[in-house]
Amino acid sequence: MSSVTHRQIKLGVSMAGLGYHPAAWRHPQTPADGNMRLEHFVGMAQMAERGLFDMVFLADGVGVRNYDEPAGALQRQSNNVHFEPMTLLSALAMVTRHVGLVATASTTWNEPYHVARKFASLDHISGGRAGWNVVTSHTEMEAWNFGASQIPPSETRYERAAEFVDVVRGLWDSWDGDAFLRDKESGINYDPSGLHVLNHRGRHFAVRGPLNVARTPQGQPVVVQAGASEQGRELAAATAEVVYVAAPTRGEARSYYADVKGRMARHGRRPDDLKIMPGLMAIVGRTRQEARDKHEELQSLIDPVVGLSQLAFSIGDLSDYPLDGPVPRLPAWRQSRGQLMYDMAQRENLTIRQLYLAIAAGNGHCQVIGTPADVADHMQDWMEAEAADGFNILPAHVPTGLQDVVDLVVPELQRRSLYRTHYEGSTLRENLGIAPAVSRYA
């Protein structure tokens, strides 16, 4: 493929659990208790930084999110416990210098002031590397932990989310960058003209402000968003600076890319103000056979009950149907990804077993199993086709899956001049190449 391009690929890595393959914790190279060991995450963050990644990404849910469906699936999985992400990222900020630190905080089960304060604090602690992944929680298990019997309707959740983001950004603008004089001789600590009281009153929130954290090194932390629904796309176009999306094919990725970026002008934004980074499961070998062997080893460790659970949340419980029979169309999908999975089964004529095996590694994301050149070809092709600005790497199991990308794929991308050879700046914004945050009071 041609290596001539003026754009460079952006990379993040999702550090959720022990890897994105459902059998990751059973792999002999994976520490089974790693999701509750700080040193495990320190190693991953430092490895990502060695690979010059833009960011590490912590997905999160405020509860044990997995349905035990079919019965017995939950006890066969490892991602039921994990660190609170802001606590973990604050620790990782102390052992890294360049890589961005992005975490999920739900707009459904938080308050804007809490979120604004936490991420502003992380931005200061890290020297300007914080990012907030905006999500609207969609599981009943989370609702049960906050005095609710069920999640609010989707329209309500996204309406609340839009107002939530606006309030958080308003709070981040509470102080001008030069507001603090700290003049010991005069006794003046700050200039009152540099302090702004938000006084927000809306449908969902009443927040006076100001925030009790100074303006951050980035001006504002980077806003990340993930969502494929109509409301999610509109929220991304209006507010996000990075989008993490599931797109199993280049055609779907191109359609999503054009749709979301095409909405941005209505919100007074330019397409370059947003980086779209689909999830990518890359299983890398020095030869294609080696990569296939790595994949097959993981596939062989999947318990059928766990395989069915990979489909249950999005499609529904298929345990009453023959594993080697066709995928049925159930009355209603539980989320937009269910339609993607069903379409994939129809397109490729997959049985239920074949579908969960196909989905297993990436859970609806794109998978590439091959050599470093194969993975680099995929990334370059998607970027040049305007299907992606970069990729969020989903290691099949860690740390080996991430190490293979850092040691094998990154040098190939650099050889093609598709990837940096050094960090461009000291903040996440600078390294992503997105515009500085401008205060609404400027």
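Reply: Begin with the elements: helices and strands are DSSP runs, of at least four and at least two residues respectively, numbered from the N terminus. This is a predicted model, and its secondary structure comes to 14 helices and 13 strands.

Me: In which loop does Thr371 lie?

Reply: Thr371 lies in the loop that runs between β12 (366–370) and α12 (372–384).

Me: Is Thr371 buried or exposed?

Reply: A residue counts as buried under 20% relative accessible area. Thr371 has 14%, and is therefore buried. Across the protein, 55% of the 442 residues count as buried.

Me: Which residues is Thr371 in contact with, leaving aside neighbours within four places in sequence?

Reply: Contact means heavy atoms within 4.5 Å. On that basis Thr371 touches Val284, Gly285, Arg286, Thr287 and Arg288. For the protein, among contacts between residues at least 6 apart in sequence, 77% join residues at least 24 apart.

Me: How does the radius of gyration of the protein stand against that of a compact globule?

Reply: For 442 residues a compact globule would have a radius of gyration near 22 Å; the value for the protein is 22 Å, so the two agree. The C-alpha atoms fill a box of roughly 75 × 55 × 45 Å along the principal axes.

Me: What pLDDT does the protein average?

Reply: The pLDDT expresses the predictor's confidence in each residue, from 0 to 100. The protein averages 93, and 96% of the residues score at least 70. Over residues 1–5, however, the pLDDT is below 50; this stretch has 12 contacts in the model beyond near neighbours in sequence.

Key. Residues are numbered from 1 along each chain as its sequence is written. This is a predicted model: local features need pLDDT of at least 70, side-chain atom pairs count only at pLDDT 80 or more; totals for chains, interfaces and linings use all residues. Side-chain values use heavy atoms; hydrogens and water are left out. The radius of gyration is taken over C-alpha atoms; the globule rule is 2.2 Å times the number of residues to the power 0.38. Buried means under 20% relative accessible area, exposed over 50%, partly exposed in between (1.4 Å probe, protein chains only).
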